[in-house]
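This report describes selected features of one protein model, from its ligand surroundings to its backbone geometry.

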Amino acid sequence: MALSFSAKLMRGVSRCAALVTPKTAPTSCRYFSSAENSRVLVNLNDKTGVATMQLNRPPVNSLNLEVLTDMTIALDKLQTEKDCRGMILTSSSPGIFCAGLDIMEMYNPQEDRLREFWRTLQELWKMMYGSRLATIAAINGHSPAGGCLLSLTCDYRIMAQGKFTIGLNETLLGIVAPFWFQDTMVNTVGHRETERALQLGLLYSGENALKVGLIDELVSPEKVMETAEGQMQMWLKIPDFARQLTKEQLRGPTVQKLAQHQEADIDHFVNFITKKAIQKSLEMYLNMLKQKKK
Ligand SMILES: CC/C=C\C/C=C\CCCC/C=C/C(=O)SCCNC(=O)CCNC(=O)[C@H](O)C(C)(C)COP(=O)(O)OP(=O)(O)OC[C@H]1O[C@@H](n2cnc3c(N)ncnc32)[C@H](O)[C@@H]1OP(=O)(O)O
């Protein structure tokens with residue numbers, strides 16, 4: 001019998017539930033996942049109640065089924081820690097926050113895995129967008145497509161200055177950002193800017209992202225984490241209950257919309273991605289990425 005998503009989550013939680021506390025760790029800092037080969041590195045500072053989640057899948061932190069699953073499990077675990085109040089999402093590879101979904105999950109896919117991949121992304125998005133935690137994205141590098149989406153699920157975005165770009169560029173790959181990607185963008189930058197950005201597949205510079213409100217602050221790369229930590233202190237000055245209820249009122253309807261159409265969205269995604277023309281577009285984009293190096 002197929003396991004429900006929550007059953008799979010519980011199975012995953014029990015698999016990685018042991019908290020690892022390396023001898024060298026400060027006593028206030030608990031490591032949920034610190035092994036260098038973990039795809040997601042998570043620690044919780046018991047003194048501040050702030051967790052840090054680092055994407056750790058070099059070279060570009062592209063999101064495959066395993067990374068998405070690990071993130072979902074880690075977030076679920078943090079949210080059940082009653083003393084955890086905030087989370088900073090960042091990357092262990094300065095220069096790349098996240099290259100978005102792993103295109104290899106969508107290219108020549110096996111249908112079962114493709115379905116599970118999309119469902120896991122949906123679940124992660126719902127958890128992140130509706131999280132009881134105050135969440136801040138410390139965007140320390142490029143953040144296209146799914147990378148931009150992840151940052152948009154946070155309550156506040158700080159990006160590193162430099163040549164990095166951010167945006168929902170799906171149309172450049174010949175694919176279409178689904179309604180819930182679009183909703184998240186509309187809720188952040190408004191309808192008109194979303195129309196322009198998504199149709200053109202705009203990748204914004206940090207300066208332009210700041211102008212349209214896609215990010216909240218642009219700071220030098222070495223200041224990204226300390227700015228995130230400082231900003232988090234402000235968010236945590238607000239009583240949790242009041243902040244959480246306000247967030248729920250503002251974001252709940254958007255989360256509900258996906259929850260109500262989740263199965264249809266998976267069918268739609270699978271039908272769309274497996275079309276010959278879409279596979280051709282993905283192949284051309286992958287070739288373009290490889291050619292770039294030569
Ligand atoms: C109506 C419709 C309704 C329903 C749904 C239908 C549609 C589906 C919607 C799907 C939504 C999709 C969301 C996505 O996120 S798609 C992914 C988009 N990502 C990108 O476009 C980014 C591509 N990458 C880059 O631009 C660069 O890699 C980056 C991030 C700027 C970093 O540059 P650089 O440091 O120079 O690194 P390289 O380019 O050399 O990359 C190194 C290595 O990684 C491979 N790679 C890069 N990105 C990805 C990726 N996203 N997936 C898989 N692999 C990736 C790259 O090819 C290199 O590989 P190599 O083997 O050559 O080393």
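## Basis of the description

Helices (H or I, at least four residues) and strands (E, at least two) are DSSP runs, numbered from the N terminus. The model is a predicted one, in which local features need pLDDT of at least 70 and side-chain atom pairs count only at pLDDT 80 or more, while totals for chains, interfaces and linings use all residues. Residue numbers start from 1 along each chain as its sequence is written.

## Surroundings of the ligand

The ligand is surrounded by 28 residues, of which A99, G100, L101, A145 and G146 are the closest; a residue is near a molecule if its C-beta atom, placed from the backbone, lies within 6 Å of it. Helix 10 makes the greatest contribution to this shell, with four residues. Strand 7 (141-144), helix 10 and helix 11 (276-291) each provide at least two residues.

By class, the shell comprises 17 nonpolar, six polar and five charged residues. Here Ala, Val, Leu, Ile, Met, Phe, Trp, Tyr, Cys and Pro count as nonpolar, Asp, Glu, Lys and Arg as charged, and the others, Gly among them, as polar.

## Packing of helix 3 and helix 10

Helix 10 (residues 262-273) also meets helix 3 (residues 111-129): their axes come within 10 Å and cross at roughly 130 degrees. Axes are lines fitted to C-alpha atoms, for helices over the stretch in contact, and angles run from 0 to 180 degrees between N-to-C directions. The two helices are therefore oblique to each other, a term for angles that are not under 35 degrees (roughly parallel), over 145 (roughly antiparallel) or 65 to 115 (roughly perpendicular).

On the helix 3 side, E111, L114, R115, W118, R119 and Q122 meet Q262, D265, I266, F269, V270 and I273 of helix 10, contact requiring C-beta atoms, placed from the backbone, within 7 Å. This contact has six nonpolar, two polar and four charged residues.

## Backbone features in loops

A cis peptide bond, with omega about 5 degrees, joins P58 and P59. P59 is located in the loop between strand 3 (50-55) and helix 2 (65-80).

A145 is not a glycine, yet has a positive phi of about 45 degrees. It lies in the loop between strand 7 and helix 4 (146-152). A145 counts as buried, with 26 C-beta neighbours inside 10 Å; the term buried requires 20 or more other C-beta atoms within 10 Å, exposed 12 or fewer, and partly exposed lies in between, with C-beta atoms placed from the backbone.

N108, also a residue other than glycine, has a positive phi near 45 degrees. N108 is found in the loop between strand 5 (95-96) and helix 3, and is exposed, with 9 other C-beta atoms within 10 Å.

Technical notes:
Two residues are in contact if their C-beta atoms, placed from the backbone, lie within 7 Å.
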